[in-house]
Amino acid sequence: MTIETITILTGAGISAESGIATFRDPGGIWAQYDIEDVATPEAFARNPELVLDFYNMRREKVRKAKPNAAHHALAKLQKSYPGTVHIITQNVDNLHEKGGAEVIHMHGAHHTALCAACGARWPAPPAMALHDPCPECGQPATRPDVVWFGEVPYHMDRIGEILQSTDLFVSIGTSGAVYPAAGFVRLARAAGAEALELNLERSEITPLFTESRHGPATELVPAWVDGLL
Ligand code: NAD
């Protein structure tokens with residue numbers, strides 16, 4: 001079968017070797033923080049300073065991080081593959097962009113700020129403060145441009161179309177625990193795609209893939225890309 005369109009979904013595991021902690025691994029972010037305290041709209045309403053501090057700290061960590069061999073390999077694939085390569089990421093870091101790739105940020109990004117009043121977006125300052133005014137409407141309604149638990153991920157219509165027309169779906173460094181992203185493999189396979197999982201270890205959704213390879217992303221991803229090009 002000719003592979004004309006490849007759709008890649010990345011998760012926290014692809015950035016782990018760049019020093020950005022994953023969410024669910026031992027020692028990951030949810031071992032140190034409670035989701036309910038920092039990553040829900042209710043948490044922001046209850047204690048906005050705590051939520052802004054958490055994201056300011058994460059943004060600073062990401063600002064200093066460098067893309068690794070897996071990010072670079074995907075950028076090379078996107079530039080050099082004779083067909084189309086879509087990259088959808090659940091990550092809110094910008095390591096794909098720093099590595100030279102174009103990605104769809106379904107869970108938002110640390111590097112933009114969002115106005116909760118008018119929906120405007122602008123480059124996030126290094127530290128967001130409570131009551132920062134929106135540069136468009138002037139309302140003191142700045143918030144991190146990240147999709148919190150209970151909110152609807154971005155670009156879902158476009159992602160749905162992409163999954164319908166892909167020949168190969170590849171999942172990299174994601175636990176398969178967070179929906180709707182965890183359901184993408186089912187949608188792609190139902191539309192006729194082959195599916196490959198590249199992850200450190202078996203995930204909750206490994207049985208849904210036609211093939212799984214286990215190991216660190218910085219080894220698996222460049223080897224897979226070199227095999228394709
Ligand atoms: P997760 O923490 O649930 O799962 C990470 C997966 O990556 C695990 O299956 C783990 O085995 C695997 N992994 C760990 N180290 C790896 C490595 N070196 N190579 C390959 N695989 C490795 O993360 P997820 O599935 O992305 O969870 C989704 C949520 O996490 C999303 O909401 C996302 O926004 C958020 N998140 C993003 C970042 C980031 O932007 N870098 C970091 C943490 C969490």
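Contact, in this notebook, means heavy atoms within 4.5 Å.

**Ground rules.** I am working with a predicted model, where local features need pLDDT of at least 70 and side-chain atom pairs count only at pLDDT 80 or more, while totals for chains, interfaces and linings use all residues. Residues are numbered from 1 along each chain as its sequence is written, and side-chain values use heavy atoms, with hydrogens and water left out.

**Entry 1: Thr-174.** I looked up Thr-174 and found it in the loop between β7 and α9 (184-190). Helices (H or I, at least four residues) and strands (E, at least two) are DSSP runs, numbered from the N terminus. Thr-174 is buried, because its relative accessible area is 9% and buried means under 20%, with exposed over 50% and partly exposed in between (1.4 Å probe, protein chains only). Leaving aside neighbours within four places in sequence, I see Thr-174 in contact with Leu-9, Gly-11, Gln-90, Asn-199 and Ser-203.

**Entry 2: Gln-90.** Setting aside neighbours within four places in sequence, I noted that the contacts of Gln-90 include Leu-9, Met-106, His-107, Thr-174 and Ala-181.

**Entry 3: empty space.** Rolling a probe the size of a water molecule over the atoms shows where empty space is left. How many cavities of 30 Å³ or more does the structure hold? I found 1. A cavity here is a set of points, on a 1 Å grid over the protein atoms alone, where a 1.4 Å probe fits but cannot get out; lining residues have an atom within 4 Å of a point. The largest cavity has a volume of about 30 Å³, the volume being the space filled by probe spheres set on the points, with grid points joined across faces, edges and corners. The lining divides into 7 nonpolar, 3 polar and no charged residues; Ala, Val, Leu, Ile, Met, Phe, Trp, Tyr, Cys and Pro count as nonpolar, Asp, Glu, Lys and Arg as charged, and the others, Gly among them, as polar.

**Entry 4: the cores.** A nonpolar core is a set of buried Ala, Val, Leu, Ile, Met, Phe, Trp, Tyr and Cys residues joined through side-chain atoms within 4.5 Å. The largest one has 23 residues, and those with the most contacts inside it are Ile-8, Leu-74, Val-170, Val-221 and Trp-224. Elements giving two or more residues to this core include β1 (5-10), α6 (69-80) and α10 (217-228). Apart from this core I found another of 21 residues, among them Ala-39 and Met-128.

**Entry 5: cysteines.** I counted 0 disulfides, a disulfide being a pair of cysteine sulfur atoms within 2.5 Å. Cys-118 is partly exposed, at 41% relative accessible area.

Entry 6: Most residues other than glycine have a negative phi, and most peptide bonds are trans. I noted that the peptide bond from Tyr-179 to Pro-180 is cis, with omega near 10°. His-131 has a positive phi of about 70° although it is not a glycine, and His-131 lies in the loop between β5 (121-123) and β6 (142-146).

Key: 1 Å grid on protein atoms, 1.4 Å probe; cavity = no way out; pocket = protein on both sides within 12 Å on 5 of 7 lines; lining within 4 Å.
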